[in-house]
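Visitor: I am new to this structure and would like to learn how to read it. Could you take me through it feature by feature?

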Amino acid sequence: MKATIIGAGIGGLCTGIALKRLGYEAQVYEAVRDIRPVGAAISVWSNGIKCLNYLGLAQDVAALGGQMDAMAYRDGLTGETMTDFSLLPLMERVGQRPYPVSRAELQAMLMEKFGKEDVHLGMCLTHLEETDEGVIAHFEDGSTAEGDILVGADGARSIVRDYVRGVPTERLYSGYVNWNGLVEIDETLAPADAWTTWVGEGKRVSLMPIAGNRFYFFFDVPLPPGLPNDRAAYKSDLREHFSGWASPVQDLIARLDPDTTNRVEIFDVEPFPSWVRGRVALLGDSAHNTSPDLGQGGCLAMEDAVVLGHCMAAHRDLGPQKLLQRYSDLRAPRGGELVLRARKRGAVTHGLDPAAMEAWYAELRQETGENIINGIASNIEGGPFG
């Protein structure tokens, strides 16, 4: 069986690796000519790491990951520690260390493992055509690709999703803007082995360690959509948004490089019940575009890839349509649940529900780590490896 995969992001490449391991032929087609990941880094929680381990990438991802042993919340205005605790109980409970990693380095590693010769760049999908024998993908340059199945891993603005659903899909604004990038680790900002987050006024500033002596940083600010995105104004905008905040936040703003910093308006998509139409299936953000408030978007894509592989290995006699429907039946409920869970979390974190936000700040000052670890574990434990 031959699979055509649209999209060379995390989900598409993991799918290609999973299918090749089973002896299937897989080709990946990506619209952009130069791979430039959206976002500087990604927190790969234990469920995602277990999927990468299953794909034979345990040592590779560990080499990219930061040593994140603890977690802390601090008052953004005063700098006071609200709670600070070890993540070792989480790792013991779920059986795997999480790794924050550079998104570009993760994607490059996945592409190398899949095989660059089977990744076709600059291939912009225009439409699909199903036949009795397979699926034909039509591209902007007039070329086509044929396969027995097609996997749409083409991201938040998925063309394949519109085909599967039969209607365009509205993306819903989550109410905030995110700036993210990388800076060199300096313990005057935060401990080198901890995820540190400053909160206040519905805003967040976070630092996570990744390999190469670097922190992944992000700033979240509740703002209306559609404001000008002027890279030259990133520092002045952040100084204004975080005026009066603690000195580590000010130091971080001073250190960031606007030329390598990303600014992203955050959206999600209302969950929908089926990710399959005929021989075409959705995977990753095309299936469950979620806000990053749980850090599970990339992990869910890795889970999708593994479960699709499991279905193709275990149900070879079902035929492509039933096989893909089995995959959708297994994955759509979990994907939809985490989209809604992230949306609810974001409403609290970013002050869309002001009373709930203030109650959360008060809870953080009493937090021992147990409740937060339970919450993180509940996201992890629904994956294919428990």
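Visitor: Let me begin with one side chain: is Trp-360 buried or exposed?

Guide: Please keep in mind that this is a predicted model. A residue counts as buried when its relative accessible area is under 20%. Trp-360 has a relative accessibility of 9%, so it counts as buried.

Visitor: Which residues of helix H12 are buried?

Guide: In H12, which spans residues 354-364, the buried residues are Met-357, Trp-360, Tyr-361 and Leu-364. Looking down the axis of H12, you find them within an arc of 100°, so they line one face of the helix.

Visitor: And what do the buried residues of H12 pack against?

Guide: Their neighbours include four strands, S4 (70-75), S5 (81-86), S13 (194-200) and S14 (203-210). They also pack against helix H11 (320-349) and helix H13 (370-380).

Visitor: Now to the rings. How many aromatic pairs are found in the whole structure?

Guide: The search finds 11. One of these aromatic pairs joins Tyr-73 and Trp-360 edge-to-face, at 5.7 Å centre to centre and with 85° between the planes. Since Tyr-73 lies in strand S4 and Trp-360 in helix H12, the pair ties together parts that are 287 residues apart in sequence. Tyr-73 is buried too, with a relative accessible area of 10%.

Visitor: How are the rings of Phe-217 and Phe-219 arranged?

Guide: Planes over 60 degrees apart count as edge-to-face. The planes of Phe-217 and Phe-219 are at 70°, with ring centres 5.8 Å apart, so this pair is edge-to-face. Both Phe-217 and Phe-219 are buried, and together with Phe-242 and Trp-245 they form one aromatic cluster.

Visitor: Where does the charged end of Arg-277 sit?

Guide: You will find it over the ring of Tyr-163, 4.1 Å from the ring centre. Likewise, the charged end of Arg-21 sits over the ring of Tyr-54, 5.7 Å from its centre.

Visitor: How should I think about the nonpolar core?

Guide: In soluble globular proteins, nonpolar side chains tend to be buried together. Here the largest nonpolar core has 94 residues, and those with the most contacts inside it are Val-44, Leu-52, Leu-90, Leu-106, Leu-110 and Val-160. Helix H10 (residues 297-314) gives the most to this core, with eight residues. Another core, of 22 residues, lies apart from it and has Val-177, Tyr-234, Val-249 and Leu-252 among its members.

Visitor: What does Val-44 touch, leaving out residues up to four places away in sequence?

Guide: Among its contacts are Ile-49, Leu-52, Tyr-99, Leu-106, Cys-299 and Met-302.

Visitor: Let us turn to strands. In what order do the six strands of the open sheet come?

Guide: The order is S7-S2-S1-S11-S18-S17, and the pairing is mixed. Strand S7 (119-120) and strand S17 (276-277) stand at the edges with a single partner strand each, so one side of each has no neighbour in the sheet. Within the sheet, S1 (residues 2-6) and S11 (residues 149-152) pair in the parallel sense over four bridges; Ala-3 has Ile-149 as its bridge partner in S11.

Visitor: Which sense does the pairing of S12 and S16 have, parallel or antiparallel?

Guide: Strand S12 (residues 171-184) pairs with S16 (residues 262-269) in the antiparallel sense, over seven bridges. There, Asn-178 has Val-264 as its bridge partner. S12 also pairs with strand S15 (residues 214-222), again antiparallel, over nine bridges, and Leu-182 stands opposite Tyr-216 in S15.

Conventions. Residues are numbered from 1 along each chain as its sequence is written. This is a predicted model: local features need pLDDT of at least 70, side-chain atom pairs count only at pLDDT 80 or more; totals for chains, interfaces and linings use all residues. Side-chain values use heavy atoms; hydrogens and water are left out. Two strands pair if DSSP finds at least two bridges between them. Helices (H or I, at least four residues) and strands (E, at least two) are DSSP runs, numbered from the N terminus. A nonpolar core is a set of buried Ala, Val, Leu, Ile, Met, Phe, Trp, Tyr and Cys residues joined through side-chain atoms within 4.5 Å. Buried means under 20% relative accessible area, exposed over 50%, partly exposed in between (1.4 Å probe, protein chains only). Contact means heavy atoms within 4.5 Å. The arc is that of the directions from the helix axis to the C-beta atoms. Rings of Phe, Tyr and Trp (its six-membered ring) pair if their centres lie within 6.5 Å; planes under 30 degrees apart count as stacked, over 60 as edge-to-face and the rest as tilted. A charge sits over a ring if NZ of Lys or CZ of Arg is within 6 Å of the ring centre and within 35 degrees of the ring normal.
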